[in-house]
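This report describes selected local features of one protein model. The sequence and structure are shown first.

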Amino acid sequence: MSIFTGCSKSGRSLRQTATVVWCMTYFAYVALAQCEGDFYLHAGETRFARLAPDVLSAQAPFQVDDADHVVVRISALVQELGTWIVGPAGQVVDEQTIIGYGGNFASFTGSDAGAGLFALPCDEPGVHRVYRFPSLGAGTYTVHVQVASPPPEDTAVLIELSSDSVTGAALLVTQSVLTLGTPAVLVAVIFDGTTPVSGASVQAWVRPPVGETVLTTLVDDGAGIDAAAGDGLYSGTFGADEVGDYAAVAEIAGATSGGTPFSRMATTSVKVVPVHATFTGTFTDAGVDTNGNGLFERVRLSAQVNVVTAGRYIFLARLRSGPPPGNEADAIMTGYGTADLGVGNGTVSSHFEAPAFLAANLDTAWYLAEAELVYVGLDGAEPAATIVNANYGTQVYHVSQFEHPPIRLTGQNNDRGVDTDGDTRFDLLRVRVGVQADTSGSYCWAARLVDRCGGHFQFVSGEQELLAGVPTQLVLEFNGRTIGRRGIDGPYELVDFAVYGPGGALNESHPLSTAPYSAQLFEEYQPFVDCNGNGIPDACDLLPGQPIQSADCDFSGVPDECQHSPGTTNDRVCWQSASSSGPAARYYHALAYDGQRSVAVLFGGFGAGYYADTWEWDGGTWHDRAVSGPSSRRSHAMAYDAARHETILFGGERSGGALSYETWKWNGTGWALAATTGPTRPLAPAMSYDAARQVIVLFGGQQSYQNVSRETWEWNGNAWSLRSQTGPGPRAWAAMAYDTQRHVTVLFGGNYNGTMLGDTWEWDGSTWTDRTSAGPSARYGHAMAYEGLRGAALMFGGTDATGQKADCWAWNGTAWTQLAGTAPPARMGHAMAYDSQAARSVLFGGWALSVPDGVYFGDTWKCGPGLRIVQEPTDITVSVGAAAQFAVQIDWCAGNATYQWWQDDHTICDNDRRTGVHANTLNISPVRFSDAGDYRVTVYAGDSYVTTVPVTLTVRGGGDMDCNGSLDFDDINPFVFAVSDPAGYEATFPNCNLLNGDINGDGLVDFDDINLFVALLSG
């Protein structure tokens, strides 16, 4: 609260205590404002009641309007204070009755009040009472206070009532610090919600540093600073003719938009400082050429001033391109400068740098729109003098007169599509960007192509020779297939353009836009889905009901399938062949992931025969765990019981065709038979682990061709129990996975007596829910695993009406998405499990009818979401002259990735001290002060990209020339020594780094560092 309520008229009538009350409230309010600091329109008032040896009780009335809740705060420097409130209809609210009104009461003593709770200093001692209760209706609320025994002296009781009424008020001052003799302008802001309040009465009492209180009336008449009558701004002035602090309290009365009377109080403060200096009205200007090449680095605007108080002054100035009073089309630039001035006439200058004139690109005179002089004294910065729209124009300055950047854009740009294979479709988009450098050499460049809504297409980088003073076009080529697959029409935008070389650096966030190409002109064109229904397939398409986020499922910067919420799934899958050695080729085996030991457990299956072997996959290698256990079998089910750290196996078909009703446990060392009874259809059931309820869930299976189950069973670690015989229809060879985010078991597909199924169901522990929607074709023999990082159940392969499949789908709880990306060969009867440690699923084996007898697979695949950051860079603190290294690790298995490092939101390039700008590791050696800042890296892979969070490089040692660990006056002589005799300094201070004095980061310790060193020294 920087708006704080003030004294009422009753407070000012307290005879001998009036002055004390004013002081108390002013400093109390200042303390409160310092404690909390936020500004808002306040709906409340404050009163002071007086208790004295002959006055044991007092009361204070308040007007409450349209409010839902009321808060009353009472504070006094007495003990045993009795308080109660009488409402507009005579209701009595005290400590006992407040609960009956739906409110609450709190009492504090001393510093227990806590910061910012009352209109008193944060830790003010005394008694504090707080009543909070629903409004008792509009009208007068009277707060009563009393003491049982006479206080030893007059005591002021501070009472504040506030409400949640939307009618609020604030008192402001246009300048919180004024020079002596400048009128102070008070402004009361009064609004009923968003509606200005008209016709209010506003009286403000201003207490000067010395003398009597001054009364002023604030009006909303459209005069002076009040721009328009009826705008809710009431203004007035008072003369600030004494140096010191002024406090102002406004009493406001009016009616809400509903006609209910209201009253408010608000306060503010003004500081008046002496006149330290004045402008004489004389100004001059001149271009400044510091390197003698005939071009201006800046323009110096000088002002003559008359100084009353000697000291440091800051000269702030604004120039505009048009004469006074100017207009909105004028270009504006700001300059500043400092000077230490003695009493009497002096000169202070403000500097306007060359880039500002180059950006304005105008050949014109400039006019002084505003000049401000600020005095910097022991009490901080104080205004000294101001001139607005001075009658001064500079000489005419031409853009050609100013120092230009060592590398710059020429504006000679063009772009065209290139058909390299003669099929009339563009294979490339070739963009030429005109640049010119002042220094010859090899320059590296980088840029990114996006659509007009920011969707990323491709990042490119390269290197090219530039000749000094010769305009050159850099050639950037973008893959036409990437543009065609996106299906988004141009124009396309070139962004994050950077050039770096021996002459310096150029960074342009948006140097050009291409022609409005049709995406149909590019290779592999695919129409883009018009998610937002505007008739234009574009990257602005939004998910219905989510107007802020686009459906960017794969985080590539381009919206994807309309039916998916952003981030709930990833529309790309990254498959990687992981191993060619391990278990023998097979299908209808089972696989489960042991999260405690971080291995995937495989058992059994059929290939050259029935298998009874146990294998474990550690993320990179298969290990044969040759142990005795279950007999050889296929079409069994397995799931890992995380609560009991056991892998559970059930059922299957034994060698010879007999079915098994056994339940086995694997603890990582050996198998143990756990049960011989349970589910009645043991062939090809679906099974997964419900982590929330800590049970294994099993569905379906069959006993014979006609005997197929629709039963749901659960294993609690000791025994099976039948949970349901309704829900999905009977089936075998279905797939099931547990959604750890939504706490449901997801089931899809299967086979019922030769009929393939394509329905989706979810089990919440008590009920099955049909969630069938458009998605994968009806099938069986597929596999599923829930991927925590993707936030979706991943399904691969199986057999449908057309044969074995190699498609990959993700279920996010709302809809199925078919995922793009290279996949393993088509198959069925394979097994999958999610490796939570590596955040990737593992798939093994399967069978496909590619030859008369089919083929069994013995391959291992890993898959997961697309490009992601595995390890972010971290903050670094190093000494100047040392080495620094930032590194990032990514997860991406579909080819090479490209990196672009950034410093302080600018792309950077390699140079003589910096390497790895386009690699996963950025090295800087030796580090200079100019290297300090925030760093991040953008990783581009395929048509996706991801950026790390910013990290900070902190460079130590600035100015510490004697290496005592701090910058102080003892460093002055060593610094001077380093500037005048570097070799002598290094001999005298062998354990110090000379570059501690390189404050401007140019690699030298010279006269250019002196002013910066002094600035560091003075803080």
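Phenylalanine 62 has tyrosine 141 in S8 as its bridge partner. The model is predicted: local features need pLDDT of at least 70 and side-chain atom pairs count only at pLDDT 80 or more, while totals for chains, interfaces and linings use all residues. Residues are numbered from 1 along each chain as its sequence is written, and side-chain values use heavy atoms, with hydrogens and water left out.

S2 and strand S8 (residues 139-147) run antiparallel and are joined by eight bridges; two strands pair if DSSP finds at least two bridges between them. Strands (E, at least two residues) and helices (H or I, at least four) are DSSP runs, numbered from the N terminus. The order S2-S8-S4-S5, with antiparallel pairing, describes an open sheet of four strands. Each edge strand has a single partner strand, so one side of each is left without a neighbour in the sheet.

| Edge strand | Residues |
|---|---|
| S2 | 57-64 |
| S5 | 92-93 |

Helix H5 (residues 972-980) has Pro974, Phe975, Ala978 and Val979 buried. Seen down the axis of H5, these residues fall within an arc of 140 degrees, so they line one face of the helix; the arc is that of the directions from the helix axis to the C-beta atoms. Asn973 and Ser980 are exposed on the face turned away from the buried side of H5. Buried means under 20% relative accessible area and exposed over 50%, with partly exposed in between (1.4 Å probe, protein chains only).

Aspartate 231 is found in the loop between strand S15 (214-218) and strand S16 (233-238). A polar atom of its side chain lies 3.0 Å from the backbone nitrogen of leucine 233.

Technical notes: Polar contact = N/O pair within 3.5 Å; in protein donor to acceptor, adjacent residues only side chain to side chain.
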